[in-house]
Amino acid sequence: MKILSIQSSVAYGHVGNSAAVFPLQRLGHEVWPVLTVHFSNHTGYGAWRGPLLAPADVADVIAGIEDRGVLGQADAVLSGYQGDPAVGAVVLDAVAKVKAANPDAVYCCDPVMGDVGRGMFVKPGIPEYLRDSVVPQADILTPNHFELDFLAGRTTTTLDEVLEAVDAVRDRGPRDVLVTSVLHGDVPEGSLDVVAVSDAGAWVVTTPLLPITPNGCGDVTAALYLAHLRSTGSPAEALSRTTSSMFAVLEATIAAGTREIQLVAAQDAIALPPASFEVRQVR
């Protein structure tokens with residue numbers, strides 16, 4: 001595939017495009033990375049350097065790609081953290097242009113807003129903008145459990161409630177939803193669920209809950225799920241491959257004792273995902 005990926009970038013470490021591009025390339029896909037920031041490192045360190053790109057500059061880069069006459073070759077647009085509604089508007093404009101040139105193209109949105117224990121960590125107004133303006137335009141959506149609850153306007157504590165929340169979000173646009181870091185009453189202690197829902201059904205994978213939460217995992221997950229869903233056409237297979245690769249990346253990160261995810265060290269498990277976990281169809 002050819003994927004237009006509009007995300008942040010860091011020189012050191014792996015978040016945003018610096019997390020998404022390499023796994024997609026390792027799977028054999030062509031990526032056109034458009035940067036929204038170019039920082040020295042991710043902001044979780046508390047200090048960083050580098051420019052936050054103006055929305056007009058981001059739009060100008062996309063316009064330059066359009067000038068080459070290749071937007072219609074894009075099979076997908078991928079976006080992650082959107083720090084400003086103006087950047088979100090640039091992303092949506094790019095999605096509209098790509099889809100006008102290639103009606104078969106899809107938009108995969110990772111609606112980065114917050115997480116359990118941290119709450120919302122984006123600027124005020126961003127969650128509502130994502131919910132009301134961005135999510136309805138997405139074909140594929142990859143929220144975590146916390147973000148799903150916000151988007152659906154409810155609190156979910158059982159798997160059935162999670163599925164109902166996904167249905168409420170899907171009714172507003174996205175046909176394929178992957179929910180990560182799902183914790184509900186039926187998940188065994190020390191585990192978490194990852195849930196995939198499409199028009200064809202719903203599937204769950206249960207994985208061990210590892211003792212690390214490094215930055216960038218959601219960015220890699222969204223990229224992998226988009227790639228595997230589009231290449232296989234199977235949400236169940238995409239779920240299996242994505243969770244298996246991500247678990248291998250996290251295991252490599254634990255083994256290395258590093259704060260940054262070990263994408264390069266675990267690249268073989270990205271290129272050839274091991275069938276590590278059972279995929280259960282729940283609907």
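Cys108 is buried, with a relative accessible area of 0%, where buried means under 20% relative accessible area (1.4 Å probe, protein chains only). The model is predicted, so local features need pLDDT of at least 70 and side-chain atom pairs count only at pLDDT 80 or more, while totals for chains, interfaces and linings use all residues. Residues are numbered from 1 along each chain, and side-chain values use heavy atoms, leaving out hydrogens and water.

A search of the whole structure finds 0 disulfides, a disulfide being a pair of cysteine sulfur atoms within 2.5 Å. The cysteine sulfur closest to that of Cys108 belongs to Cys109, and at 7.5 Å it is too far for a bond.

His145 sits in helix α5, residues 145-152, a helix being a DSSP run (H or I) of at least four residues, numbered from the N terminus. His145 is buried, at 7% relative accessibility. A polar atom of the His145 side chain lies 3.2 Å from the backbone nitrogen of Leu183. Not counting residues up to four places away in sequence, His145 touches Thr156, Val162 and Val179, among others, with contact meaning heavy atoms within 4.5 Å.

Technical notes:
Helices (H or I, at least four residues) and strands (E, at least two) are DSSP runs, numbered from the N terminus. Buried means under 20% relative accessible area, exposed over 50%, partly exposed in between (1.4 Å probe, protein chains only). A polar contact is a pair of N or O atoms within 3.5 Å; within protein, one must be able to donate a hydrogen and the other to accept it, and residues adjacent in sequence count only if both atoms are side-chain atoms.
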